[in-house]
Amino acid sequence: MEKVASMKRPRLAAVEPLPNYQLKMTFINGCIMTVDKGEAIFAKPGLAPLRDPAAFAKVRLTNSIGWTIEWADFDIQIGADTLWLEALLQTSTDENTRTFIAWRLRNGLSLADAARALDMTTRTMSAYGTGARPVPYHIALACKGWEVENR
């Protein structure tokens, strides 16, 4: 995975709808990423209104601060941090990194929450999530074990 410039917390400067339920996102650190939302739109009932390409194309930043995007007609919002993680997950070539990012997404874990869960530092969690450091196999296993214990 390509290393990305760091941000304390992902914030968007711009969002642009692309064909096939993709979003081109420009983050405040200048990083440009694309995320494919097609699978989620067709799997999650709450996102069903976005199956219409014209409706999907109405995406916009919620405000100038860049914490979320929205489809105002349907009262649907997605946080910049979630979009950042989804884009990293979709572009990661390392299985352990995908396991780690997917674990955070499924469980709604912030960097601090993930650090507490694995008894590590938030800095290490950030490095794993951005690809600055490879996720060791034992960390991927710990994520799976944490999930089993916390169901």
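Predicted model: local features only at pLDDT ≥ 70, side-chain atom pairs only at ≥ 80, totals over all residues.
Figure 1. Helices (H or I, at least four residues) and strands (E, at least two) are DSSP runs, numbered from the N terminus. Two strands count as paired if DSSP finds at least two bridges between them. Glu 70 has Gln 77 of β6 as its bridge partner, and Thr 68 has Gly 79 of β6. Four residues lie between the two strands of the hairpin. Asp 75, in the loop between β5 and β6, has a positive phi of about 55° although it is not a glycine. Asp 75 counts as exposed because its relative accessibility is 60%; buried means under 20% relative accessible area, exposed over 50%, and partly exposed in between (1.4 Å probe, protein chains only). Residues are numbered from 1 along each chain as its sequence is written, and side-chain values use heavy atoms, with hydrogens and water left out. Local features need pLDDT of at least 70 and side-chain atom pairs count only at pLDDT 80 or more, while totals for chains, interfaces and linings use all residues.

**Figure 2. β5 and β6 belong to an open sheet of three strands.** The strand order is β4-β5-β6, with antiparallel pairing. β4 (60–61) and β6 (76–79) are the edge strands, and each pairs on one side only. Strands of a sheet pair through backbone hydrogen bonds, either parallel or antiparallel. Helix α3 lies across β5 and β6 and runs at about 65° to β6. Axes are lines fitted to C-alpha atoms, for helices over the stretch in contact, and angles run from 0 to 180 degrees between N-to-C directions. Contact means heavy atoms within 4.5 Å.

**Figure 3. A second open sheet has the order β1-β2-β3.** This sheet has three strands, and the pairing is antiparallel. Its edge strands are β1 (12–18) and β3, each pairing on one side only. Neighbouring strands of the sheet are turned by 20° against each other on average, direction ignored. Six bridges join β1 to β2, and Val 15 stands opposite Met 25 in β2. Five bridges join β2 (residues 22–27) to β3; the bridge partner of Lys 24 in β3 is Thr 34. β2 and β3 form a hairpin with four residues between them, and Gly 30 in the turn has a positive phi of about 90°.

Figure 4. The core has 38 residues, and Leu 23, Met 25, Ile 69, Trp 71 and Phe 100 touch the most other members. A nonpolar core is a set of buried Ala, Val, Leu, Ile, Met, Phe, Trp, Tyr and Cys residues joined through side-chain atoms within 4.5 Å. With six residues, α3 gives the most to this core. Leaving aside neighbours within four places in sequence, Ile 69 is in contact with residues including Leu 12, Val 15, Leu 23, Val 59, Ile 76, Ile 78 and Leu 83.

Figure 5. In α6 (residues 122–130), Thr 124, Met 125, Ala 127, Tyr 128, Gly 129 and Thr 130 are buried. These buried residues pack against α3 (80–91), α4 (95–107), α5 (111–118) and α7 (137–149). Thr 130 is buried because its relative accessible area is 14%. The C-alpha atoms of Thr 130 and Leu 85 are separated by 8.8 Å, although the two residues are 45 residues apart along the chain. Just after α6, Gly 131 takes a positive phi of about 90°. In the loop between α5 and α6 is Asp 119, which counts as exposed because its relative accessibility is 73%.
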